[in-house]
Amino acid sequence: METMKKRRKLLVPLCVSLSLVYVIVAARPLRKELQFLPQWTVDATKVTAPDNADFSAAIPFRLGQTAGYFTADGSILRVITFPYKAAISPAYYAPYGTSDRSIAFFASDGTKAGDITRAGFPFFWEDKQYLFLPGGAAFAKLDGGGQVQWTYEGYAPITAFSSSQGGCVAGYADGTVVAFTDDGAVAQQFAPGGSAYPVILGADVSASGALVACVSGQDEQRLVIAKKSSNHTEIIHHEYLPEQATRQRVVRFSRDESTVYYDRADGIGVTDCKTGKSRCIPLRGNILSVQESDTSRTVFVLSKAGSTYTVHVIEPFAISAGSFSFEAQAACMMVRGDDLFVGRNGSISCIRMVRR
């Protein structure tokens, strides 16, 4: 009996000590939850900024047949209505029609920047201007005054196009992908292949111009990532997608070129460009826009299913951090810093992302 008592006396402090060690070693800080904090909502159909407003940090928006610019604090700088189509970027905007022989375009502050004197469909990205030419197989790179710098004519219709600081990339219905530098030199050219119908459904070029990614094909559909290596193109990753869709696909590189985000039939795909690690985050509807925070690697995705729009928040690596939905006839999404701006019908709202 005496021996049992001694064992109990030793066992109690030993258990307490082991418990304390476990608590200290196993303790982990609780993950902070992402919260959406509404900041303001403004009427996007009325100019509220003074005549001498600063347009240097203007944020473009387009909602239905209305486009314009606003500031991060909620001042509406300019409102443009257009009957058919409009191209808009932070630097320029241009309303245009289907049969225009000449297209006037303007700086964000409304001053005329020049005339595009060839027929076609303009596309603006940041301060770059392109013109898709009649027939659908050719496009031109324009200068700041709307004059043609260079032209590329393909043999099949253009089915995907994107621009970045590193140049631009075009995908064609015959399954060819061609990437260009800003002076018109061909940086990469390849055909992903591997499908019965090799059409390019979406493509993007990284900020440095070194990487190109595309989603291609029907019967079998796949993602391909290619890298410019000395004088040739090297396929550094490819994967077949488990489900197919015939729509055009959004493909976007992260700012640091480490990750590519791409539209899949079953959600949004996320692939690490170095390791090839891939994940799919399920979501409903068609992906309309993929944008990255200016101050972090957080990515925002706008999708649409019927009349329901959803904003999804994705953090590295492929972590779904939250989402919210709303009903609208037209919507758009813009990101500046840690602030998310959502356009809905005739209004724009600012939502701040914080962790608490």
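Mentor: This is a predicted model. One part of it is an open sheet of four antiparallel strands, in the order S1-S31-S30-S29.

Trainee: Which strands stand at the edges of that sheet?

Mentor: Strand S1 (34-43) and strand S29 (331-336) do; each has a single partner strand, so one side of each is left without a neighbour in the sheet. From one strand to the next, the twist averages 20 degrees.

Trainee: And how many bridges join S29 to S30?

Mentor: Six bridges join S29 to strand S30 (residues 339-344), and the two run antiparallel.

Trainee: What holds paired strands together in general?

Mentor: Strands of a sheet pair through backbone hydrogen bonds, in either a parallel or an antiparallel manner.

Trainee: Stepping back, how many helices and strands are in the chain?

Mentor: The chain has one helix and 31 strands. Its C-alpha atoms fill a box of roughly 105 × 55 × 40 Å along the principal axes. Of the 356 residues in the chain, 48% are buried.

Trainee: Let us turn to the aromatic residues. How many aromatic pairs are there?

Mentor: The structure holds 25 aromatic pairs. In one of them, the ring centres of Phe61 and Phe70 are 6.2 Å apart and the planes meet at 55 degrees, so this pair is tilted. Both Phe61 and Phe70 are buried.

Trainee: What about Tyr92 and Phe105?

Mentor: Tyr92 and Phe105 form an edge-to-face pair, with 5.6 Å from centre to centre and 80 degrees between the planes. The pair links distant parts of the chain, since Tyr92 belongs to strand S6 (residues 92-96) and Phe105 to strand S7 (residues 103-107), 13 residues apart.

Trainee: Are those two buried or exposed?

Mentor: Tyr92 has a relative accessible area of 14%, which is under the 20% limit, so Tyr92 counts as buried. Phe105 is buried too, with a relative accessible area of 0%.

Trainee: Which residues do ring pairs link into a cluster?

Mentor: The cluster consists of Phe123, Tyr130, Phe132, Phe139, Trp150, Tyr152, Phe161, Tyr172 and Phe180. At Tyr130 there is also a charged neighbour: Lys141 lies over the face of that ring, 5.9 Å from its centre.

Trainee: A new topic: where is Ser258?

Mentor: Ser258 sits in the loop between strand S21 (251-253) and strand S22 (259-264). Ser258 is buried, with a relative accessible area of 16%.

Trainee: Which residues does Ser258 touch?

Mentor: Leaving aside residues up to four places away in sequence, Ser258 touches Thr271, Asp272, Cys273, Lys274 and Arg297. With Arg297 there is a polar contact of 3.1 Å between the side chains.

Trainee: Back to strands for a moment. How many bridges join S19 to S20?

Mentor: Eight bridges join strand S19 (residues 222-229) to strand S20 (residues 232-240), and these strands run antiparallel. Among the positions involved, Ile225 has His237 in S20 as its bridge partner. Two residues lie between the strands of this hairpin, where Ser230 takes a positive phi near 50 degrees.

Trainee: Which other residues have a positive phi?

Mentor: Glu126 has a positive phi near 50 degrees, and Ala318 has one of about 60 degrees. Glu126 is in the loop between strand S9 (121-125) and strand S10 (128-132), and at 39% relative accessibility Glu126 is partly exposed. Ala318, in the loop between S27 and S28, is buried at a relative accessible area of 12%.

Trainee: And where are the cis peptide bonds?

Mentor: One joins Asp219 and Glu220, with omega about 25 degrees; Glu220 lies in the loop between strand S18 (211-218) and S19. Another runs from Pro316 to Phe317, with omega near -15 degrees. Phe317 is in the loop between strand S27 (308-315) and strand S28 (319-327).

Note on methods. Residues are numbered from 1 along each chain as its sequence is written. This is a predicted model: local features need pLDDT of at least 70, side-chain atom pairs count only at pLDDT 80 or more; totals for chains, interfaces and linings use all residues. Side-chain values use heavy atoms; hydrogens and water are left out. Rings of Phe, Tyr and Trp (its six-membered ring) pair if their centres lie within 6.5 Å; planes under 30 degrees apart count as stacked, over 60 as edge-to-face and the rest as tilted. Buried means under 20% relative accessible area, exposed over 50%, partly exposed in between (1.4 Å probe, protein chains only). A charge sits over a ring if NZ of Lys or CZ of Arg is within 6 Å of the ring centre and within 35 degrees of the ring normal. Two strands pair if DSSP finds at least two bridges between them. Axes are lines fitted to C-alpha atoms, for helices over the stretch in contact, and angles run from 0 to 180 degrees between N-to-C directions. A polar contact is a pair of N or O atoms within 3.5 Å; within protein, one must be able to donate a hydrogen and the other to accept it, and residues adjacent in sequence count only if both atoms are side-chain atoms. Contact means heavy atoms within 4.5 Å.
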